[in-house]
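Here are a few notes to read alongside the model.

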Amino acid sequence: MPYKDVAQALKALRELEETNSAYQHAMEVLYLDAVTAAPKDTGEGRGKTMAILSEVSYGHLTNPENKQLYDYLEEHCGELDEKARREVQLGKRIYEQYSRIPADEYVSYQVLINDAQSAWEKAKNTDDFELFRPYLEKIVETNRRFAHYYNPTKSPYDALLNEYERGTDTKQLDEFFSELRRCIVPLIQKISDCEPVDDSFLYRPCPIEQQRRLSDYIMEVMGIDRSHCSIAETEHPFTTNFNNKDVRITTHYYENNFASSLYSVIHEGGHALYELNADDKYNYSFVAGGVSMGIHESQSRFYENIIGRSQEFIFAIYPKLRELFPQQLEDVTPDMLFRAVNKVTPSLIRLDADELTYCMHIMVRYELEKQLIDGSLAVKDLPAAWNKLYKEYLGLDVPSDSKGCLQDSHWSGGGIGYFPSYALGGAYGAQMLDCMEKDVPGLWDKVAGGDLSAVTGWLKEHIHKYASLYEPKELFERSCGAFQPKYYIDYLTKKYTKLYNLE
Ligand code: ZN
């Protein structure tokens, strides 16, 4: 017997977890530095450090002794509490999955995505897909191979989807998306026949310094503790978390579009709250952090759309917006602002899309990812395929790859199979709202008063505090019952029918 008793084995497990957290922490700080503060020609040394750190971390997680540890603890699972059982389950899952990937392939993949990041940025900035193409080809090829390592019994794309949202597959998503399309396409059609909403004032120049103050205000309204969460500026907004006491969000300011950063901050703030509100006891363990991308996106999109684009919230933040942008909003009423931020227009850029057409952007990416991974679409044909689907789904001509297939950072970061989480997150959120409204009397009156504590309180109690203790499906079902797309469809239909007086 390699271990004297369960206590000794648990001690070994915790050491393993804390060392792993330290490696992850170091690598994430390097990544954050790369995209925020680092001067542009500093990638070489960082790439080298990343390669070494990921090799060490990989070796640590796949050490054959870990298997003995997990097996021993599994044999004694009757003596473990719920958290320890989950730590063993997650640790073993990582061990098995990583052990299937040969070390050299894992390390060269880390180097590849580091290089791909800068290639993508250059390609996007110069509108030159060819600069990014060879990297994306390798990323697709590697993901296809890794998918087989992850789960040889699933189709490669299903195996990748499972990495981001355990339990989901193309069968479920094909149904979900086709139901969504059935509802959304006629709604978009009806709206396009309506008098267009004037949102021109959203594009009046607003000094970036004032926009930074708006970010501070929004984070305060959301109840984000700035001593545990900072904000930086990057090309593409994102959130990274080191532990529940240290979370970083980023945004991107556009002088002629203050709403872009406003909603990025609310979105990333939603991700941050999920991490910050996790129970302390999960820190530095495999149970730390949000459980899946779908649940994570449900939180960010809940704040961004369900709260952030509600009439109550807009009316609550309007006085501050008037104070920060007095000339720009001089002739704008709260109701005009509410309508403008909910304007439905098929557009080219996913990040700036309205809540309704947003799902169509996801469907484009979902269809293309499926084809890239099953080999029916070659990377060189991606721009043309992208442009064709934008025409078909959104009725738009894509003028350049920068505004087309180069717009998102996900693929350059290796995230194939991630996009559907956004749409799933939206749908989870709508069902959560239904439960929250039943549980919290006067919910919307509180939001109208600029008080989000009841919203965050409910989410903390039902979602945030559990970190990764439960599988996404179980976590969701414990608070909301079985997932049903109808809540999302009803939510969208009700909201936009009212906004555009469609009845
Ligand atoms: Zn997000």
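1. The zinc ion is coordinated by H267 (NE2), H271 (NE2), E297 (OE) and E297 (OE), at 2.1 to 2.8 Å. Donors here are N, O and S atoms within 2.8 Å of the metal (3.2 Å for Na, K and Ca), and water is not among the atoms, so sites may look incomplete. This is a predicted model, where local features need pLDDT of at least 70, side-chain atom pairs count only at pLDDT 80 or more, and totals for chains, interfaces and linings use all residues. Residues are numbered from 1 along each chain as its sequence is written, and side-chain values use heavy atoms, leaving out hydrogens and water.

2. In sequence, the donor residues follow the spacing H-x3-H-x25-E. Both H267 and H271 sit in helix α10 (residues 258-276), four residues apart, about one turn of the helix. Helices are DSSP runs (H or I, at least four residues), numbered from the N terminus. H267 and H271 are both buried, meaning under 20% relative accessible area with a 1.4 Å probe, protein chains only.

3. Now for a helix pair. The axes of α16 (residues 420-439) and α20 (residues 486-499) come within 8 Å and cross at roughly 80 degrees; axes are lines fitted to C-alpha atoms over the stretch in contact, with angles from 0 to 180 degrees between N-to-C directions. α16 and α20 are therefore roughly perpendicular to each other, a label for angles of 65 to 115 degrees.

4. Finally, N143 belongs to helix α6 (residues 129-150). N143 is buried, with a relative accessible area of 4%.

Conventions:
Helix = DSSP H or I, 4+ residues; strand = E, 2+ residues; numbered from the N terminus. Buried < 20%, exposed > 50% of the residue type's maximum accessible area, 1.4 Å probe, protein only. Parallel < 35°, antiparallel > 145°, perpendicular 65-115°, else oblique.
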